[in-house]
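This report examines selected features of one protein chain. Please keep the sequence and the model in view while reading.

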Amino acid sequence: MSVLHPVIAEVTERLRERSRDSRAAYLSRIDAAQGNGTHRERLSCGNLAHGFAACGTDDKQRLREGHTPNLAIINAYNDMLSAHQPYERYPELIRKVAREAGITAQMAGGVPAMCDGITQGRSGMELSLFSRDLIAMATAVSLSHDMFDGALYLGICDKIVPGLLIGALSFGHLPGLFIPSGPMPSGISNEQKSKVRQAYAEGKATKAELLEAEAGSYHAAGTCTFYGTANSNQMLMEIMGLHLPGASFVAPDTPLRDALTREAVLRVAELSAPGSSHLPLGHIIDERAIVNGVIGLHATGGSTNHLLHLVAIARGAGIELRWDDFDALSAVVPLLARVYPNGYADVNQFHEAGGMGFLIDQLLCAGLLHGDVRTVFGTGMDGYTQVPQLEEDGRLVWKPVSRESGNRGVLRGAAEPFRADGGLRMLSGNLGRAVIKVSSVPDDRLVIEAPAIVFHDQDDVRKAFERGELNRDFVAVVRFQGPQAIGMPELHKLTPTLAVLQDRGHRIALLTDGRMSGASGRVPAAIHVTPEAQDGGAIARIRDGDIVRVDAVHGRLEVLVEAAEFAAREPATADLSAHQYGMGRELFGLFRRAATTADLGAGVL
């Protein structure tokens with residue numbers, strides 16, 4: 001392990017200083033909640049009897065005696081999400097392993113798990129970001145009974161893992177471990193799928209051909225194999241020490257996957273028992289773990305959604321992470337992985353090339369990762385440079401990862417990165433602040449200066465395209481998409497249309513107070529603009545024809561209008577009633593009214 005890079009050390013120290021009071025208050029709160037012995041020993045007889053009434057004889061006896069850990073299972077299972085379908089049988093497996101180990105486990109609760117892939121471009125997407133905070137609340141409700149001494153969190157996808165972790169941190173005195181289910185087998189290539197999508201956008205492919213391509217990509221149980229938010233979640237849980245080493249991308253329903261799940265139960269039981277191995281989750285997620293998460297995001301070209309989620313997660317642990325921290329770290333953390341949409345490969349190919357073990361080993365050797373952290377594996381980050389294997393007798397073992405990449409087109413060492421920085425950059429200027437992901441944007445498109453065309457709905461962009469009005473250079477300003485307006489939906493319906501226009505040679509960019517997430521690609525997109533239009537942000541004063549400059553080289557986001565004139569303009573307004581009512585959306589009115597800005601996590605917690 002090399003000496004830590006000075007910029008990483010400086011960012012961590014600034015984060016620690018900034019968070020001193022809030023972190024101390026958080027630790028004081030969770031330490032006060034810990035107490036001695038098992039938590040259910042404090043319950044009255046009536047409370048406890050309710051808690052074990054439906055258990056079998058052996059479990060009931062152990063729960064009555066009160067001396068062994070009882071583990072909570074928080075499950076995001078449903079069989080509509082391919083990534084979560086494998087979780088159907090996990091609770092019974094976990095209970096069985098617990099009984100064999102002389103302890104108990106109970107399903108403490110389920111949390112909602114919506115699929116952004118299904119709601120893309122639909123009104124349901126406007127509930128997606130807020131579902132993160134709802135999941136956090138549901139997790140806390142599930143843990144509220146004082147019956148549990150540790151927890152196992154079963155979740156994969158976009159808002160689900162961040163929500164589970166925020167909820168887990170609210171009960172941070174409990175040890176906890178996250179159990180993934182793994183990616184689906186590789187289907188047709190993401191490049192093939194993208195080509196069919198663009199052909200459909202141009203009217204050159206039929207709906208039947210598009211559906212065939214999509215079904216060839218999303219075709220089995222497991223996580224979608226492109227490197228979007230769901231797989232970025234798995235990377236984060238491993239590099240932050242909340243997965244077992246090498247667990248993130250092992251295929252579902254395989255002997256190795258089941259062995260890792262069994263080991264996870266035993267490990268969290270050990271962390272939950274009184275004694276020297278006891279380790280609350282709130283002590284694992286400290287400033288170093290948060291910085292490691294940001295580093296992992298940069299090194300893999302991960303989802304821009306985590307500029308929202310990591311800020312909210314850190315706040316849940318009393319840590320004040322800022323976008324400036326992402327920016328400073330991006331300048332020194334190289335891009336070591338190219339996984340679609342940042343390259344041709346999928347996460348299965350990434351895993352086969354060496355995966356998380358190789359990535360972590362390279363970062364440690366280059367002094368680009370905190371190694372001296374606490375993890376559920378009981379080691380520092382050095383333990384995560386190993387890969388899990390099954391011996392012939394069925395024993396689960398970990399062996400050192402190869403120092404040679406299995407595919408240099410997918411995964412490289414720190415001495416030969418794909419690019420010198422992580423590809424996530426902050427923009428600022430007279431339009432506020434924004435985020436841009438440039439890891440797959442061509443070098444000649446890093447600066448776009450063009451007239452604005454203003455839209456208040458992503459469907460209006462598609463309609464303008466179909467009318468032939470967008471065959472020119474322009475910046476698409478899609479506003480009133482922020483958390484206070486309509487919940488900050490992802491705007492992926494724009495991707496094929498804008499990609500077609502860019503491929504025709506036009507210089508275009510997107511500017512929005514909405515999101516694009518981990519699936520954004522080659523078109524420069526300044527997203528998460530804050531202040532948002534609904535909050536009177538400068539984006540609400542842009543007019544058609546204004547020259548907008550999106551400059552990812554110098555980190556600038558500007559409208560080239562004389563300052564006094566621009567400031568004197570009345571901000572535009574939009575009728576959002578159609579977005580705020582119907583199909584359950586009125587139930588989220590409180591979330592919209594209380595939502596923080598994007599740079600504070602765009603949530604209510």
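## Cavities

A cavity is a set of grid points where a 1.4 Å probe fits but cannot get out, and its lining residues have an atom within 4 Å of such a point. The model discussed here is predicted.

The structure holds five cavities of 30 Å³ or more. The largest cavity contains about 60 Å³ of space. Its lining consists of Leu 177, Phe 178, Ile 179, Pro 180, His 243, Leu 244, Ala 247, Arg 257, Leu 260, Thr 261 and Ala 264. Strand E4 (176–179) and helix H12 (255–272) each contribute at least two residues to this lining. Helix H12 gives the most, with four residues.

## The second largest pocket

The second largest pocket has a volume of about 220 Å³. Of the 13 residues that line this pocket, Arg 315, Glu 320, Leu 321, Arg 322 and Leu 600 lie nearest its centre. Helix H15 (306–316) and helix H16 (323–330) each supply at least two lining residues.

## Salt bridges

The structure holds 40 salt bridges. In one of them, Asp 325 pairs with Arg 18, and the closest N and O atoms are 2.8 Å apart. Asp 325 belongs to helix H16 and Arg 18 to helix H1 (residues 6–18), so that this pair links distant parts of the chain, 307 residues apart. Asp 325 counts as buried because its relative accessibility is 2%, and buried means under 20% relative accessible area.

Another salt bridge joins the side chains of Asp 116 and Lys 159, with an N to O distance of 2.5 Å. Asp 116 lies in helix H6 (residues 116–119) and Lys 159 in the loop between strand E3 (150–154) and helix H8 (160–170); the pair therefore ties together parts that are 43 residues apart in sequence. Asp 116 is buried, at 5% relative accessibility, and Lys 159 is buried as well, at 3%.

Arg 374 and Asp 286 form a further salt bridge, with the closest N and O atoms 3.6 Å apart. Arg 374 is found in the loop between helix H18 (355–365) and strand E5 (386–390), and Asp 286 in the loop between H13 and helix H14 (287–300), so this pair ties together parts that are 88 residues apart in sequence. Arg 374 counts as partly exposed, at 36% relative accessibility, whereas Asp 286 counts as buried, at 5%.

## A nonpolar surface patch

Leu 134, Met 137 and Leu 605 make a nonpolar surface patch of about 230 Å². Leu 134 is located in helix H7 (residues 128–142). With a relative accessible area of 32%, Leu 134 is partly exposed.

## Two buried loop residues

Pro 483 sits in the loop between strand E10 (474–478) and helix H20 (494–503). This residue is buried, at 3% relative accessibility. The C-alpha atoms of Pro 483 and Lys 493 are separated by 18 Å, and these residues are ten apart along the chain.

Leu 279 occupies the loop between H12 and helix H13 (281–284). Leu 279 has a relative accessible area of 14% and is buried. Its C-alpha atom is separated by 15 Å from that of Ala 317, 38 residues apart along the chain.

## An annotated region

An unreviewed UniProt entry annotates residues 69–381 as "domain: Dihydroxy-acid/6-phosphogluconate dehydratase N-terminal". Over residues 69–381 the chain is 47% helix and 7% strand, and the end C-alpha atoms are 27 Å apart.

Terms used
Residues numbered from 1 in each chain as written. Predicted model: local features only at pLDDT ≥ 70, side-chain atom pairs only at ≥ 80, totals over all residues. Heavy atoms only, no water. Patch = residues over 30% accessible without salt bridge, like charges linked within 9 Å, V, L, I, M, F, W, Y side chains within 5 Å. Areas by Shrake-Rupley, 256 points an atom, 1.4 Å probe, with all protein chains shown as cover. Salt bridge = Lys/Arg side-chain N within 4 Å of Asp/Glu carboxyl O. Buried < 20%, exposed > 50% of the residue type's maximum accessible area, 1.4 Å probe, protein only. UniProt positions renumbered as here; feature names shortened; annotations may be inferred. 1 Å grid on protein atoms, 1.4 Å probe; cavity = no way out; pocket = protein on both sides within 12 Å on 5 of 7 lines; lining within 4 Å. Points joined across faces, edges and corners; volume = space filled by probe spheres on them.
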